[in-house]
Every structure is written in C-alpha cells, then in structure tokens.
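Hi,

Here is the structure I promised to pass on.

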Amino acid sequence: LRDTKPLQQVHAQVTVSNLSDNVFLGNRLMNAYASCGLIDQAQIIFSHISNKNLVSWTILVSGLTKNGRFSEAIELFQEMVVREIRPNEVTIATVLPAFGKLGVALIGKSVHCYWIRHNFGCNVFVETGLVHMYSKFGCLKIARKLFDNMPERNVVSWNAIISGYSENEFGEEALSMFNEMRRKGFSGDIFTLTNGIKLDSVSLITILSGCSFSGALQQGRRVHALVIKTGFQADIFTGSALIDMYANCASMEDAKTCFERMEEKDVACWNTLISGYGMIGCGNEAIELFSQMKNSGLVPDESTFVSVLCSCSNTGLVDLGLQIFDRMQKLWNIIPSSKHYACVIDLLGRSGRVNEAYSLMKRMHLQPGVEILSSLLTACRIYKNLEVGIEISRKLFELKPNDAGYYVLLSNMYALAGDWDCARTSRTYLKSNNLKKNPGVSSIEISGEIFTFMASQKDHLFYMEINEFLKDLIFKIKSEGYEVDTDSVFLDVSNDVKKDILFHHSEKLAIAFGLMRTKPGTVIRVTKNLRICKDCHSACKFVSKVYARVLVIKDANRFHVFRDGVCSCRDWW
C-alpha cells in the first residue's frame, strides 16, 4: 500500500471545488485509488460520476480484477454490456483474467466470440489474456493454437503458455516451450531476446516448476544458471522455486546449498526444504530442520505442518507424527485441515493401523475428501482389510464415479483376498462403462532431452533395443537373487502373462533405456505417474547393485533412491 495522504488531499480539493462530477478528474482519482488497493474508494468515486465514459468503466473493471475481486469485475463488465457501452481492447484485456480465475468458461468464451465478431484485429494484450484464460480452463489445445497464431509475442505471452502447461502438469511441454522461447532470440551471455524482451523472474519460476514436475535436473541446472546470470538469485520467490526444483529431482545437497545461500528466507523456503527431505525418506533431517525453523523465530504455518507430517508418514515416524499433530492443535492453535488429516491417516494406514485411521476419519470435523479416502483404500489393499476397503470404495465412487483407478484398487483387493469373481465383476464394470485406468507412464531425462515410456508399449521407437537389453538385465539380476513377484499383477491370468506384463512396466523400460544411453556411474533418474509396484521396487534394488548405479525413482507418492541394493524408503512405502 502506497502513501495515500497526498492522494486524499487531492481528492478533498476536487470535492470542495465541486469537481466531483468531472469525468476526467474522477477517472484519474479512481485509477489512483485502485492502484493503491483502495478499491472501495474507487467504487464510491465511480458512483458519483454521472457522465461515465468507457474509460471510467474500464478503470474500475481493471481495478477490481487486479485487487482479486473477480466476481465484481465480471458483474460490472456484464452491466456495462447491458447498458450498450461497447468494450474496447483494454476493457477486454483487463477482464479476461477474472474469467480464468473463476473458471467461468461460458462467459469467457462468449467474450472471445465478441472479440472475433467485431474484428478488433491483432492485440498482444488481449491475445495473451486469452491464452492465459484458456490455460486456466484447462483447454491447452486452444491456448496453444491462439499462442501459435499470435503475430507478436512479449514475455508475458510466453509466460502465459509456459505456466499454462506447468500448472496443468504438462512439465515436458513447459520445458519444450521454454527452450523454444530461448531459440527465438536469446543471444550471447546476456540472455536478452533480440526484440528487446528480457527474461523475468516469473518466466524463471514457471520453468523451474516445469523442471520440478518432470524431474528434469539437467534442464533445471541450466535454468539455475540463467537465474544467476540474470541477477534473480536474491529474489526470495525464485530462490524458493530453485529449492523446490532440486528437492523434486532428489538432489537434496543442491537444495540445501540454495537454501543456505539465501540471505532472506521466508516460511515457504523452510517448508519446501522440509518437504524435500520427507519425500526422499530423510524424516529425521526434516524434523531437525523443523526445530531449526522454530529456533530462528519464524512461526510455522499450516503448510509447515503438512510438510512435517508427510515427512513422518514417508519415513515411518508414527508416534512422533501423532505427537506433532496433537501439538499443532494445542500449542499452535492450528485447526487441522483435510491435508493434515490426510497425512495422519496415511501415517496410520501405512503402519497397519487401518482401524485407527478409519476411526480418525469418522471423528473428523470435515467431510473426508478424495485424498483421505484413496489413502485409506490403499492401506486397506496392502493390509487386506476388505471390510473397511469396501465401505471406503463406496464413498469414493460417490465422489468420483468415473475414476477408473478406484475400481481397479477395489478389484485388486478382491484379488488379494482370493475372490476372483468379485475382482472380475469390478473390471467388467469398468469395460461396460468405458472407464479406463491411466496407464503407467515413466520419463527419463538424458542429455537435456526427456524420453517417455508407457507400460506395455511395444511400438516405441527404441523398443527393439530396449527389449534385448532388458532381457539381459533380467537374466543378470536373477542370477543375483531377484525373483519375479507375480502377485504384483492382480489379474486372473497365467504366470507367463503376468511376467510379460511386469517385464513391460514403464519404469523398467525407462531404466533400461537410461542404462543403455548413459555412461557408467551416471545417476538414473525416472519419474513415474503411478505408485511403483513391489516387483519393480525389488528389481530396482538388484539393478542398483549389479550395475553399480544409483537409481532415483519418483513415483506418485515419494522418492525411492536405490543404492547398492538398498532403497532409501527402507521398504516403508
């Protein structure tokens, strides 16, 4: 908030001079108040202007949007249209973010149609706003088409499409666009686009987020170099994004170095590092960092406790986790959110205390959401608690009737219990309703390029090479004691079919490709969209030992770092 005293003095002078109705002065005052965040005062001035013009409406719409009052901005825009005041390019550009933030796709698309119908022509601000809006709607194909058709782009345009991909979890596409952005005009070592556009902190944070999601450490290091060369290393938000990137690539030494070099650290920086240690299975380090944070004088927030509780869950610190959850409420007066409950229920479920987890869920002051229910259902499958599992499944089907993953989990539970008839019934329901479970997909970064593999994918460009290498790999690790765990396939098929399914799991394909294409001693880093199965987990231990490689597997829940035949999770997953 800026110093408003001079502004109020000017406003008072306008009032005593009977100039409150002057549209020019009124517009200037509105804009000034909106820029200071005093949007209520701007609205009062707007109401006193009797002969409002297009600029008056545009200033207030813009002010409401910039101050996060999106519903009011849209209502004012609609009132403007009803009064037959035709919006111009500036008006449309200022209201588009409101549509995206609230997800009001129908109105947003109608404004886009209005723009096309009235043939406004090319405008980089409106077109960038449309790219951002459709990205928020999750319509990435439309956003990309609009972006590709833009005759002029600025750094905000690139940020819009890159962040759109990143926020919608298309990390590879975000990285690809970042590389394209650089190819379009970066020169020398100053990293300035030839058309005069400079790479800003928003671009860097967005790209780091893409690297973080994809586990693209090599790309992340290059972006880190850009951060240093463009002078943003002192920016606290960029620093936090760097910590997050390294943590999500399981490079905790680098994450810790970035953290320690930051002159100023906020709660988010501490939370990110705590979470990173927890994901990799270093629960004690996470708890120690939590203690250091409290000693530094910073007050932990809700996200801090989510990070700490997740760390306890990932490393089996059951009693300590329950103690911290209790103290969070009594000492810090933080009311547990669904995320806190999800961590504690996961903590109890993983330790086999399924009935306690179920009891806690029923005592919650909140309605259990998908995250809590799916965590408990997974625990029911692992510990074969069919009774609770069936009840949890019913609740999940009510919330997510079209999510195939939960039907598959239920089918797997029946299979573990030996009830193949019920298992088949669950899978038959999937087929009859055209529901499909997301296939296992794994990606690996080699020389800055990301390669993706899908489970049972035999039409991959490199499949023939990988298949031959994988056969030799399985032979080698079998000679060291590896045994195929056919129980990891919950289908009523022959063992040969099960072995073939396990042979073609996406992480095995990615690991084989990584071993083929990298030098001895290189760390193999694989990111997977699903939870790693018991067979692949066992195979990775033997691969790390036989090939003397470190394997870093990031699955849907956590990191598994395999070194010399041992996993960092210590089989707690």
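Below is what I found, going from the whole chain down to single residues.

First, some ground rules. This is a predicted model, where local features need a pLDDT of at least 70 and side-chain atom pairs count only at pLDDT 80 or more, while totals for chains, interfaces and linings use all residues. Residues are numbered from 1 along each chain as its sequence is written, and side-chain values use heavy atoms, with hydrogens and water left out.

**The whole chain**

The protein chain has 29 helices and 8 strands; helices (H or I, at least four residues) and strands (E, at least two) are DSSP runs, numbered from the N terminus. Its C-alpha atoms fill a box of roughly 90 × 55 × 55 Å along the principal axes. Of the 573 residues, 50% count as buried. Buried means under 20% relative accessible area, exposed means over 50%, and partly exposed is in between (1.4 Å probe, protein chains only).

How confident is the predictor? pLDDT is its confidence in each residue, from 0 to 100. The chain averages 86, and 95% of the residues score at least 70. Over residues 185-197, though, the pLDDT is below 50, and this stretch has 23 contacts in the model beyond near neighbours in sequence. A contact means heavy atoms within 4.5 Å.

What order do the strands of the open sheet come in? There are 6 of them, ordered 4-3-5-6-7-8, with mixed pairing. Strand 4 (449-454) and strand 8 (566-567) are at the edges with a single partner strand each, so one side of each has no neighbour in the sheet. Two strands pair if DSSP finds at least two bridges between them.

**Helices**

Helix 8 (residues 124-137) and helix 10 (residues 155-167) have axes that come within 9 Å and cross at roughly 5°. Axes here are lines fitted to C-alpha atoms, for helices over the stretch in contact, and angles run from 0 to 180 degrees between N-to-C directions. The two helices are therefore roughly parallel to each other. Residues that meet include V131 and H132 in helix 8, and A160 and I161 in helix 10.

Helix 22 (residues 370-382) has 13 residues and reaches 18 Å from first C-alpha to last, close to the 18 Å expected at 1.5 Å a residue. Among its buried residues are I372, L373, L376 and R381. Just after helix 22, K384 takes a positive phi of about 55°.

N495 is in helix 27 (residues 495-503) and is partly exposed, with a relative accessible area of 44%. N495 and V441 are 54 residues apart in sequence and 23 Å apart in space, C-alpha to C-alpha.

Cheers

Methods
The expected span of a helix is 1.5 Å times one less than its number of residues. pLDDT is the predictor's confidence in each residue, from 0 to 100. Angles under 35 degrees count as roughly parallel, over 145 as roughly antiparallel, 65 to 115 as roughly perpendicular and the rest as oblique.
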